[in-house]
Amino acid sequence: MKDLPAENISFTDFKLIGFYSLGEWRPFLCIPFFLLFLLAIIANYILIYLITSQKSLHSPMYVLIGLMAVVDLILPIFFVPNMLLSFLFNWSGISLTGCLIQMFSIHFVGTFQSTLLLWMALDRYFAICTPLYYHKHMEIPNFLKFVLPPVIRNVLLVVTMVFLAGRLSFCATNVIDHCFCEHMALVQLACGDISVNNIVGLLTAFLIPTADFVLINVSYILIFTSVFKSGKTNMKALNTCITHIIVMSFSLTFALIAFLSYRIRNNLSPSSRVFVSTMYLLFPSSFNPIIYGVRTKEIRETFLKFIKLQRY
């Protein structure tokens, strides 16, 4: 039986070799990444526990913060354990199916970080700009009008992106210079035309995190205008808004650098690109609960009471 031509062979197994250029220093990366992973798990678990166990934190704003903590708790689980095993034992193999499942999980859950911030911004807008109708707006039937469109958008874009990636043939190499199956890290290995994949990836980047960021800023401009016009210094509201802006700015900056680094000629080394890509997922998951815990008075006070109770 004759061998098939190389161009007809499509790899179904891949190797993830992120940070491979570090050589003998690569295993030491497990220390900082494990500590960040541990911080994400512990901090988000504590935040979820505080919000679910304290009736005073059952208002819509804190429920949304709790949902953010759930997302931040789940997201690192999809890729950090595999990274640590790769660093320590060089276990880097993954099937194409496993790669696509990981890609879908990371990008789908990751999109909700910015979408939840958008919902939080809407919550603050209704609370500050239309306080008399706040409870009416936040009733589940009414709030679903604002929840469902972003969810449908996220599902359609991420499913389309992953589906198109799964239809590609990979005949050149099966080595992915990354620590997890990021969309463009896999797609750039394809031996066919990837222009459609590139466009869908860009649309996903700009129609989800970037669009959410723009809408959040519009809502905050309206909030700040309303606060200043009223002549009241609503510091609680302003602190909450500033917290959201801090979280969103860090996440979006890392995400856009990661997305655009594959498409715009730049001097980023492969290891730098992998680091930025990892940070736009892991950094928010690790530090979101700390930022919210420190800057949100009610959560901070509840946590301090919890610590005091544990001592006795």
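Before the first pair, one definition: a helix here is a DSSP run of H or I with at least four residues, and helices are numbered from the N terminus. Please also keep in mind that this is a predicted model.

Aromatic rings to begin with. Rings count as paired if their centres lie within 6.5 Å, and by that rule there are 15 aromatic pairs. One of them is Phe104 with Phe108, a stacked pair with 5.2 Å from centre to centre and 10° between the planes. Why do Phe104 and Phe108 sit about one helical turn from each other? Because they are four residues apart in helix α4, which covers residues 96-129.

Another pair is Phe143 with Phe146. Their ring centres are 6.4 Å apart and the planes stand at 45°, so this pair is tilted. Phe143 and Phe146 are three residues apart in helix α6, residues 140-166, and so are separated by about one helical turn. Is Phe143 buried or exposed? Phe143 is buried, with a relative accessible area of 10%, whereas Phe146 is partly exposed at 32%.

Back to Phe104 and Phe108 for a moment. They belong to a cluster linked by ring pairs, together with Phe112 and Trp119.

Now the cysteines. A disulfide is a covalent bond between the sulfur atoms of two cysteines. How many disulfides does a search of the whole structure find? The search finds two.

One of these disulfides joins Cys99 to Cys181, with 1.9 Å from S to S. The angle about the S-S bond is -115°, and the link of Cys99 and Cys181 is left-handed. Cys99 lies in helix α4, while Cys181 lies in the loop between β3 (175-176) and α7 (183-187), so the bond ties together parts that are 82 residues apart in sequence. Both ends are shielded: Cys99 is buried at 0% relative accessible area, and Cys181 is buried at 1%.

There is also a disulfide between Cys171 and Cys191, with the sulfur atoms 2.3 Å apart. Which parts does it tie together? Cys171 is in the loop between α6 and β3, and Cys191 is in the loop between α7 and α8 (195-230), so the parts joined are 20 residues apart in sequence. Here Cys171 is partly exposed, with a relative accessible area of 22%, and Cys191 is partly exposed at 37%. If you count the bonded cysteines along the chain, the disulfides follow the pattern 1-3, 2-4.

Cys30 is buried at 13% relative accessibility, and Cys179 is buried at 6%.

Next, helix packing. Two packed helices are described by the angle between their axes and the distance between the axes. Helix α4 packs with helix α10, residues 270-295, at an angle of about 35° and with the axes 11 Å apart. The crossing of α4 and α10 is left-handed. Which residues make the contact? From α4 they are Ile106, His107, Gln113, Leu117 and Met120, and from α10 they are Tyr280, Leu281, Pro284, Ser285 and Tyr292. By type, the contact of α4 with α10 has seven nonpolar residues, three polar and no charged.

Where is Leu268? Leu268 is in the loop between α9 (235-261) and α10. Leu268 is partly exposed, with a relative accessible area of 32%. Leaving aside neighbours within four places in sequence, Leu268 is in contact with Ile257, Ser261 and Arg273. The C-alpha atoms of Leu268 and Asn217 are separated by 29 Å, and these two residues are 51 residues apart along the chain.

That is the end of the talk.

Note on methods: Residues are numbered from 1 along each chain as its sequence is written. This is a predicted model: local features need pLDDT of at least 70, side-chain atom pairs count only at pLDDT 80 or more; totals for chains, interfaces and linings use all residues. Side-chain values use heavy atoms; hydrogens and water are left out. Rings of Phe, Tyr and Trp (its six-membered ring) pair if their centres lie within 6.5 Å; planes under 30 degrees apart count as stacked, over 60 as edge-to-face and the rest as tilted. Helices (H or I, at least four residues) and strands (E, at least two) are DSSP runs, numbered from the N terminus. Buried means under 20% relative accessible area, exposed over 50%, partly exposed in between (1.4 Å probe, protein chains only). A disulfide is a pair of cysteine sulfur atoms within 2.5 Å. Axes are lines fitted to C-alpha atoms, for helices over the stretch in contact, and angles run from 0 to 180 degrees between N-to-C directions. A crossing is left-handed if the near helix is turned anticlockwise from the far one by less than a right angle, and right-handed if clockwise. Contact means heavy atoms within 4.5 Å. Ala, Val, Leu, Ile, Met, Phe, Trp, Tyr, Cys and Pro count as nonpolar, Asp, Glu, Lys and Arg as charged, and the others, Gly among them, as polar.
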